[in-house]
Amino acid sequence: MLYWKITEKTSRLVLINVLSIPLFAACLGMFFWLAVSIGRLPDSFGINSPANFLPWLAGLVLLPVLHELVHGISMRSFGARPRYGFLWKALAFYATAPGFAFPRRRYLVVALSPLVVLSLLAVLLMALLPGTPWIGLIAFIAALNATGAIGDLWITGLVLRYPKDAYIVDERDGVRIFLPGEEAPAVSPG
């Protein structure tokens with residue numbers, strides 16, 4: 001069994017956060033390009049009045065909760081019972097399924113589901129709400145979500161190093177990886 005914790009080293013947390021800066025710039029550019037192409041981004045959008053500030057604030061507050069909820073829904077679809085919380089050491093929300101072992105392929109779905117689902121939802125909303133002031137907010141929140149998935153991408157890269165028949169137990173601050181021949185707890189079917 002291998003155990004990888006995101007909070008094990010402060011340098012790891014710093015590196016992940018530093019890497020998120022160019023990722024945010026790239027994602028912001030991509031989602032604003034989509035906002036112009038699909039959503040017909042209006043000339044005026046953003047926080048130009050107190051009334052416009054509330055949706056932006058709500059988006060910022062709800063995004064991490066929604067991101068983790070998508071992880072949890074994905075976990076539940078594979079038979080796990082997700083638990084949610086806040087990890088103070090990393091200043092991050094989390095969803096986890098204590099003691100539940102996912103086959104590697106299913107764990108990859110769990111890890112990447114918020115990035116994929118919420119990005120596709122943002123593009124769909126842009127297509128449904130073209131030319132409205134919502135387009136800028138949707139693009140910004142989508143870029144933040146994609147950037148916030150840096151930990152998910154990091155863990156995905158780590159998990160992909162191991163055999164296809166490995167099992168992954170999600171922890172609130174990392175993963176335990178069970179290699180073929182090792183007994184994993186609460187192993188899910190196929």
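1. K89 is exposed, because its relative accessibility of 57% is over the 50% cut-off. This is a predicted model, and the remarks below concern that model. K89 sits in the loop that runs between strand 2 (83-87) and strand 3 (92-96).

2. On confidence, the mean pLDDT of the protein is 89, and 91% of the residues reach at least 70. Helix 3 (residues 104-128) has the highest mean, 97, whereas strand 1 (residues 2-5) has the lowest, 74. Where pLDDT is low, predicted coordinates should not be read in detail.

3. The secondary structure consists of five helices and six strands. Their order along the sequence is β-α-α-β-β-β-α-α-α-β-β. A box of roughly 60 × 35 × 25 Å, taken along the principal axes, holds the C-alpha atoms. Of the contacts between residues at least 6 apart in sequence, 70% join residues at least 24 apart.

4. Of the 190 residues in the protein, 42% are buried. The accessible surface is about 10200 Å², and carbon and sulfur atoms account for 68% of that area.

5. Which residues form a nonpolar patch on the surface? The patch consists of F53, L54, L57, V61 and L62, and together these residues have about 470 Å² of accessible area. F53 belongs to helix 2 (residues 50-77). With a relative accessible area of 38%, F53 is partly exposed.

6. The count of aromatic pairs is six. In one of them, W56 and F140 form a tilted pair, with 5.4 Å centre to centre and 45 degrees between the planes. Because W56 lies in helix 2 and F140 in helix 4, this pair ties together parts that are 84 residues apart in sequence. W56 is buried at 11% relative accessibility, whereas F140 is partly exposed at 21%. Ring pairs also link F24 with W56 and F140 into a cluster.

7. The rings of F86 and W88 make an edge-to-face pair, because their planes are at 75 degrees, over the cut-off of 60, with the centres 4.6 Å apart. F86 is partly exposed, at 28% relative accessibility. W88 is exposed, with a relative accessible area of 66%.

8. Is N145 buried or exposed? N145 is buried, because its relative accessible area of 3% is under the 20% cut-off. N145 is part of helix 4 (residues 134-148). Setting aside residues up to four places away in sequence, N145 touches L63, H67, P114, L115 and L118.

9. Side chains of opposite charge can pair when their charged atoms come close. How many salt bridges does the count give? The count is one salt bridge. R176 forms a salt bridge with E171, and the closest N and O atoms are 2.5 Å apart.

Conventions:
Residues numbered from 1 in each chain as written. Predicted model: local features only at pLDDT ≥ 70, side-chain atom pairs only at ≥ 80, totals over all residues. Heavy atoms only, no water. Patch = residues over 30% accessible without salt bridge, like charges linked within 9 Å, V, L, I, M, F, W, Y side chains within 5 Å. Areas by Shrake-Rupley, 256 points an atom, 1.4 Å probe, with all protein chains shown as cover. Salt bridge = Lys/Arg side-chain N within 4 Å of Asp/Glu carboxyl O. Helix = DSSP H or I, 4+ residues; strand = E, 2+ residues; numbered from the N terminus. Buried < 20%, exposed > 50% of the residue type's maximum accessible area, 1.4 Å probe, protein only. Contact = heavy atoms within 4.5 Å. Phe/Tyr/Trp six-rings, centres within 6.5 Å; stacked < 30°, edge-to-face > 60°. pLDDT = per-residue confidence, 0-100.
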